[in-house]
Amino acid sequence: EERKKILLSEMEAISLSKTTALTLHKEQLMKMQDEIDRYTEMTSLILQTHTDHEIVALGDLLPTELKAILKKVENMSLTPNQSCDLHVSIHTDSLIKDLSIFGHIVDSPPSPSQSKWSSESVAKVQGMYCVKLESITSKGERYPDGGLQVKAELRPKSYDGEVVPGEVEDYGDGTYTITLIPVTAGPHQLLITMDGQHVQNSPCDLDVRRNYSTLCNSLPDQVINCSGDPNGIAIDESGEIYVSIWVRIFSDVVCVFDEAGQLKRTIGTGGYGDGQFSYPKGLFIKGDVLYVADSGNNRIQKWTTGGQFLQNFGHRGSGQGQFESPASVVVDQCDWLIVADRGNNRVVILDQDGTWLSTINDADDISKSGTCYFRGPKGLALDPQGNIHVASGGSYPMKVFTPEGTYVRSYGDVKCYHAYE
């Protein structure tokens, strides 16, 4: 009974800490959004009503202000800072089972020196190098929870090389994936730490070699920066490869390669107007029409595969005809567009002109039925029968719906965290 009281007290403290951290984080994000909206409104007003002299002055001011906002974004953690680790020593199996409803109960903390990782022995310049890390307790068992401070970096042994930080993905079950993209060839050291301590076999030597086989090697410098973020890919009937790439502000494009990987042309530019992209993600090709999930602009765009802009539809919001960071788009046999409206936790079905037909997992449906099929849908696919398969984040399994949006079934282990298309 005493242990239960202690546990409940700690859980209440953790809940309060999480609530406080999320509230502060939300306030920071809202302040940043208000600042961006203020500059957007100011720019629109000046462009519509002011003189050429004032417009030129705005052109000098705006880049400086945008850089300041971007600096704030870079310095701002995407995850609220919080401390929610809980370690208790319990030796009664029945009590552990009874208390497990409150969360993960472990009788030993994670041990960085015993935590294991695995990867390839050789990395390539501008190639994705992935490390799989498993946190292990002092008793040699896997630590059953996430939230540990895992960091990694790749350090060149030469003085003129560039240190590459690792991007860490926490799967919430004691396992992590670390992604690094080396920028220089030669001998390096790979360092991985967990809660400030080196994991097993860290640091270690890693040989980084030149990469002669990636698509990025065919991109001329004046066209696109290879350090961009590829998001979506599609292939047309002739075999040409279309890749949506987020490079940096106002530089997003869709690149078209031939089958040999040579860049043939680019489609669109970065921006917010017609024929411009902001963080383009999912692509789909049907016939000679290219569909783009223009995530940052909260809309869907249609182009010819030859690069002619046709139309776009949607804007930011949660109502009909609105999107919040759409991540994927496919077109079914009836020429209906099916969109993974990630930020609104739903899948939307539209006709070719963007007219709203139906919604899957809509907030109103969830409140009525009490069933939430997924959160943050990211990937879509259609089977030969036209059924819609949805991959979403978190611990949700894959979901299958009829072409009309009726739920059919689920598949996949619920521990398949962060599933993408």
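Two strands count as paired if DSSP finds at least two bridges between them. In this predicted model, strand β18 (residues 289-294) and strand β19 (residues 299-304) meet that condition, since six bridges join them and the two run antiparallel. Within this pair, Y291 stands opposite K302 in β19.

The pair belongs to an open sheet of four strands, ordered β17-β18-β19-β20, with antiparallel pairing. The edges are taken by β17 (280-286) and β20 (309-313); each has a single partner strand, so one side of each has no neighbour in the sheet. On average, and with direction ignored, neighbouring strands here are turned by 20° against each other.

The chain as a whole holds 30 strands and four helices. Of its 421 residues, 39% are buried. Contacts between residues at least 6 apart in sequence include 48% that join residues at least 24 apart. The chain exposes about 23,400 Å², of which carbon and sulfur atoms supply 51%.

Helix α1 covers residues 2-49, and its 48 residues should span 70 Å at 1.5 Å a residue; the end C-alpha atoms are 70 Å apart, which agrees. Buried residues in α1 include L7, I14, A21, H25, M32, E35, Y39, T43 and I46.

Eight salt bridges are present in the structure. One of them links E240 and R265, with the closest N and O atoms 3.0 Å apart. Because E240 lies in the loop between β11 (229-235) and β12 (241-246) while R265 lies in strand β14 (residues 263-267), the pair ties together parts 25 residues apart in sequence. E240 has a relative accessible area of 17% and is therefore buried, whereas R265, at 25%, counts as partly exposed.

The side chains of K286 and D335 meet at 2.8 Å, N to O. K286 is in strand β17 and D335 is in the loop between β23 (326-331) and β24, so this pair ties together parts that are 49 residues apart in sequence. Both ends are partly exposed: D335 has a relative accessibility of 34%, and K286 has a relative accessible area of 29%.

Strand β24 (residues 337-341) contains D341. At 0% relative accessibility, D341 counts as buried. Beyond its neighbours within four places in sequence, D341 is in contact with Q322, F323, E324, P326, R346, V348 and P377. Among these, E324 forms a salt bridge with R316, the closest N and O atoms being 3.3 Å apart. R316 is partly exposed, with a relative accessible area of 46%.

Conventions
Residues are numbered from 1 along each chain as its sequence is written. This is a predicted model: local features need pLDDT of at least 70, side-chain atom pairs count only at pLDDT 80 or more; totals for chains, interfaces and linings use all residues. Side-chain values use heavy atoms; hydrogens and water are left out. Buried means under 20% relative accessible area, exposed over 50%, partly exposed in between (1.4 Å probe, protein chains only). Contact means heavy atoms within 4.5 Å. Accessible areas come from the Shrake-Rupley method with a 1.4 Å probe; for residues, only the protein chains shown count as cover. Axes are lines fitted to C-alpha atoms, for helices over the stretch in contact, and angles run from 0 to 180 degrees between N-to-C directions. The expected span of a helix is 1.5 Å times one less than its number of residues. A salt bridge is a side-chain nitrogen of Lys or Arg within 4 Å of a carboxyl oxygen of Asp or Glu.
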